[in-house]
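Have the sequence and the 3D view at hand as you read.

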Amino acid sequence: MGARSSPLHSPALGSGLERLARPCGDALRPRDPGRVGDRPTFALTFSGGGFRATLAALGVVRFLADVGRLGDVRFISSVSGGSIANGLLACRWSQLRDAGFATQALHRHVIDPIVDSITTSSLKGELIRNLWRAIGGPTRTDLLARALDGRFFHGDTLECLDEGCRFVINAANLVTGVRFAFERDVLGDYVLGLAPTDGTGIKVAVAVAASAAVPGAFAPVRVRGISFPCGDRGEPLLLDGGAYDNTGLEAFDSDRYRDVFFVTMNAGGVFVTGRWGGVPIIRDLARSNSLLYRQSTGLRTRWMVDRFKALEAAAKEPAGLSLPAPKWGRMGVLMALASDVTGRDVDRWRARHPEHRTWKGKDLALVPTVFDRLEPQLCQLLVYRGWWLTGATIARYHPGLVRLPGEAPPLQ
């Protein structure tokens with residue numbers, strides 16, 4: 001086999017000298033929306049995980065609206081199911097701002113439309129009924145983009161999004177082996193470089209479909225007709241962003257975000273230990289894929305928690321003895337649906353707002369990763385879980401950051 005065709009020369013493996021995933025070196029960068037002047041600026045990151053992740057992300061956003069801080073969000077990064085919540089937030093940001101980022105406006109423009117769609121009909125069923133349209137024409141991913149557009153985004157394009165917040169919708173580029181970002185001003189990755197969105201007409205629905213295109217179920221999204229600075233390295237082929245970084249955190253890795261307060265919701269799938277069944281080979285490949293996902297997510301999670309701890313440790317040093325806070329330190333909280341949050345302040349939070357972490361006897365973290373129709377009460381529980389965890393982790397690790405809300409999302 002020739003050197004250029006060997007799988008060992010994949011940029012994702014970092015081998016093959018002529019095809020290393022080296023930076024493009026281009027100068028174009030996304031517009032920075034700035035910071036809030038007199039209090040923390042928030043950055044939110046939403047993981048994949050089907051509608052389970054969509055709804056948990058909405059709970060995070062609802063919490064910030066309840067405490068009057070949704071307008072302090074300047075950065076949101078998302079993957080797969082979390083990108084549905086991020087995408088509709090991006091499309092409705094100007095309406096939310098005009099309404100003072102009030103909770104009622106958030107429900108009217110974002111939460112209720114998503115919940116109504118999820119509880120009324122199955123997105124998966126819609127795709128299956130329209131599979132015939134993919135014969136000799138559009139791909140299954142094209143059908144997904146059309147369905148998402150009809151349900152949520154109604155033709156909105158990236159270049160028309162509001163400038164007040166930087167919305168990043170992430171996919172994975174099979175050609176370069178790195179994260180590919182869709183934003184208001186730019187799209188691309190660090191190997192191909194960034195291209196301006198101006199004049200491209202790329203729809204938000206296409207970005208979300210690329211972010212959610214699970215390998216095997218959907219075809220890669222081809223980004224055609226765009227001139228990337230290092231486009232000679234290959235035409236982008238995009239699939240589910242969770243294959244590269246299911247936390248959405250990499251978008252804000254730079255030291256430029258050391259003054260930002262992160263709220264990360266990881267509603268990804270849970271690895272269940274023990275024996276497993278199924279068809280040999282397929283079963284083992286699926287299990288191996290789960291192991292790789294668990295490792296990458298676990299490493300990124302521990303790395304981010306270490307950055308939180310480093311900044312907290314520097315702040316706790318006695319006056320006059322403290323060392324400068326490390327540049328790589330970060331402020332924020334990170335949670336998963338299965339997180340156990342404890343502490344005195346959390347006990348007070350739990351006394352005001354019961355935890356409600358199960359559905360039909362199972363932990364909400366075990367809700368399947370699907371785009372099926374969900375029952376209304378399950379949707380409410382997942383929104384509440386995201387809301388509750390945000391309050392619990394802030395009460396535990398950053399008491400006094402916000403005034404915790406007295407009113408909670410509805411549970412029937």
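Is arginine 357 buried or exposed? At 17% relative accessibility, arginine 357 counts as buried (buried means under 20% relative accessible area, exposed over 50%, partly exposed in between, with a 1.4 Å probe and protein chains only). Its salt-bridge partner is aspartate 340, with 2.7 Å from N to O. Aspartate 340, at 63% relative accessibility, counts as exposed.

A salt bridge here is a side-chain nitrogen of Lys or Arg within 4 Å of a carboxyl oxygen of Asp or Glu. Arg357 and Asp340 belong to a network of salt bridges that also includes Asp347, Arg350, Glu355, Asp363 and Arg385.

## How the model is read

This is a predicted model, in which local features need pLDDT of at least 70, side-chain atom pairs count only at pLDDT 80 or more, and totals for chains, interfaces and linings use all residues. Residues are numbered from 1 along each chain as its sequence is written, and side-chain values use heavy atoms, leaving out hydrogens and water.

## Two further pairs

By the salt-bridge rule, the count comes to 29. In one of them, aspartate 156 pairs with arginine 92, the closest N and O atoms being 3.3 Å apart. Aspartate 156 lies in the loop between helix H5 and strand E3, and arginine 92 in helix H2, so this pair ties together parts that are 64 residues apart in sequence (helices, H or I of at least four residues, and strands, E of at least two, are DSSP runs numbered from the N terminus).

Arginine 300 and aspartate 245 also form a salt bridge, at 3.1 Å from N to O. Arginine 300 is buried at 17% relative accessibility, and aspartate 245 is buried at 4%.
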